[in-house]
Amino acid sequence: MSQNENPLVVAIVGAGPSGFYAAEALLKALGPAVRVDLFDRLPTPFGLVRGGVAPDHQKIKSVTAVYEKTAADPRVRFFGNVKLGRDLSVDDLRARYHKIVYAVGCESDRHMAIPGEDLAGSYSATEFVGWYNGHPDHREKSFDLSCAGVAVVGVGNVAMDVTRLLACDPEALAKTDVAGYALDALRKSAVKTVWLLGRRGPAEAAYSEAEIEEIAELPTADLVVKTSETVVDEVSQGELADPAVKKKVSYVQGHAALGEGSRPRKVRLRFRVSPVEIVGEDGKVKALRVEKNALVSDGKGGVKSVGTGEFETLPVGIVLRSVGYRGIAIPGVPFDEKTGHIPHAGGRVLSAAGGAPLPGEYVVGWAKRGPSGLIGTNRADSVATVAVMLEDMKAGTPDRAADVSAEAPLKLFAAKGLKPVQFADWKKLDALERANGAKSGKIREKFTRVEDMLSALGSGA
Ligand code: NAP
């Protein structure tokens with residue numbers, strides 16, 4: 001590659017899938033005429049692929065080979081353990097990059113707004129997922145799995161992941177990259193029943209068919225569904241025109257006929273029930289009270305649930321709400337509290353929802369469209385934002401005056417006493433994790449604390 005004298009210099013904030021796909025799209029579109037610096041608040045790259053995708057889904061995680069290729073490109077630098085809003089300000093980036101792309105995902109979660117959500121034993125799926133994946137934000141949490149029943153609220157694919165991890169044979173995880181402490185806890189788990197709770201009907205379930213099938217096929221657990229709850233309501237009949245929905249509904253209807261089964265654990269998939277109260281005793285979760293729902297038109301072509309006044313109490317010691325993620329506001333970056341992500345028009349960041357575009361600032365991935373889609377969905381999404389960026393360049397939208405030299409961020413780090421973790425450092429951590437894992441036959445044993453990562457790298461990082 002010949003070096004371009006005046007390349008476009010882009011900061012991408014967040015080295016998860018959408019950040020890497022944005023980098024890839026920029027490299028492809030601009031050849032030697034671009035340089036990309038990828039920042040991440042963690043010393044490790046790959047975002048949700050490392051910290052979100054379930055350890056028994058290694059095939060999905062193998063997408064990191066594509067990101068590695070991008071990172072190895074000489075036009076790309078990785079600056080890990082540098083957090084926007086803590087270590088650097090948006091103005092620091094504005095002064096040193098022509099363009100900024102926010103690829104910061106949705107790191108928090110939504111609440112159910114019901115009594116008892118603060119009890120010990122009530123958690124978000126985000127916390128549980130982060131815990132079993134060894135994410136530094138969640139590794140110090142502990143989940144008391146000595147109870148017999150767990151309720152998982154929501155029936156999206158995250159709910160499927162956490163249910164599967166609770167219902168599977170932990171030995172099936174023993175060779176994966178599941179955090180060692182989580183594997184120990186899962187081995188000691190007394191959980192016998194996982195209640196999977198959908199507030200609407202089987203036609204509206206958010207899970208993919210493959211994910212519910214995977215639960216049904218666990219050798220350790222029966223998927224138990226009540227025949228009466230798999231009946232498709234009058235108001236939902238139209239949804240059956242979609243062959244994928246029809247297939248998903250037929251699957252659970254067929255499954256309901258199998259009854260209780262004889263496997264040691266049960267996953268009780270329920271439809272048309274909404275949690276109304278987490279019941280506690282001595283500050284701990286003891287049960288979950290749910291209300292049965294009826295489905296009605298939402299007046300916008302969709303279907304919503306309404307309570308019927310009929311209640312039921314489920315005996316559970318843990319409630320995991322898996323009702324969707326939301327973003328976290330970053331100082332200096334516009335944030336729409338209502339939607340929980342960065343306001344934008346086609347990927348151009350707006351000063352506020354409905355406001356004017358901020359020149360040179362763009363957004364990709366979950367931070368752009370909210371928490372939806374599979375890992376690969378982010379590729380097309382990032383390509384679309386990069387296309388908009390290229391349009392702005394062609395239209396001559398002025399870039400901010402900036403010292404865009406390759407040294408400018410390095411000087412800033414030095415001035416602030418920051419020592420970013422570079423991609424070569426990550427490769428050292430990667431090798432150490434693989435070697436540590438190999439000692440117990442695992443793919444890798446992750447570093448789960450930032451300080452451990454930095455000390456493994458010595459003072460150089
Ligand atoms: P999701 O697909 O949006 O599912 C959220 C679930 O929570 C829905 O069932 C929703 O029901 C329910 N819900 C929302 N508010 C509720 C409330 N107040 N009370 C009860 N239920 C409520 O979100 P997700 O599961 O977090 O997944 C996020 C994205 O990541 C999805 O696109 C998913 O496919 C993807 N993902 C994929 C995989 C995989 O491929 N293996 C794994 C994990 C995640 P309603 O439909 O009624 O709103």
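Trainee: Which strands does helix H7 lie across, and at what angle does helix H7 run to S8?

Mentor: Helix H7, residues 157-167, lies across S7, S8, S9, strand S10 (265-270) and strand S14 (318-321), and it runs at about 170° to S8. Contact here means heavy atoms within 4.5 Å, while axes are lines fitted to C-alpha atoms, for helices over the stretch in contact, with angles from 0 to 180 degrees between N-to-C directions. Before we go on, note that this is a predicted model, in which local features need pLDDT of at least 70 and side-chain atom pairs count only at pLDDT 80 or more, whereas totals for chains, interfaces and linings use all residues. Residues are numbered from 1 along each chain as its sequence is written, and side-chain values use heavy atoms, with hydrogens and water left out.

Trainee: How do you know that S7 and S8 pair, and in which sense?

Mentor: Helices (H or I, at least four residues) and strands (E, at least two) are DSSP runs numbered from the N terminus, and two strands pair if DSSP finds at least two bridges between them. Strand S7 (residues 149-153) and strand S8 (residues 193-197) have five bridges in the parallel sense, so they pair by that definition. Within this pairing, Ala151 stands opposite Trp195 in S8.

Trainee: What makes S6 and S9 edge strands?

Mentor: Six strands form an open sheet with parallel pairing, in the order S6-S14-S7-S8-S10-S9. Strand S6 (122-124) and strand S9 (221-225) each pair on one side only, and that makes them the edges. From one strand to the next, the twist averages 20°.

Trainee: Why is the pairing of the sheet with seven strands called mixed?

Mentor: Strands of a sheet pair through backbone hydrogen bonds, either parallel or antiparallel. In the sheet ordered S3-S2-S1-S4-S18-S17-S16, the pairing is mixed. Strand S1 (residues 8-13) and strand S4 (residues 99-102) are parallel over four bridges, and three bridges join S4 to strand S18 (residues 357-363), again in parallel. Strand S17 (residues 348-350) and S18, however, pair in the antiparallel sense over two bridges, which means that they just reach the required at least two. One of these bridges has Pro357 in S18 as the partner of Leu350.

Trainee: How many residues lie between S17 and S18 in their hairpin?

Mentor: There are six residues between them, and Gly354 in the turn has a positive phi of about 80°.
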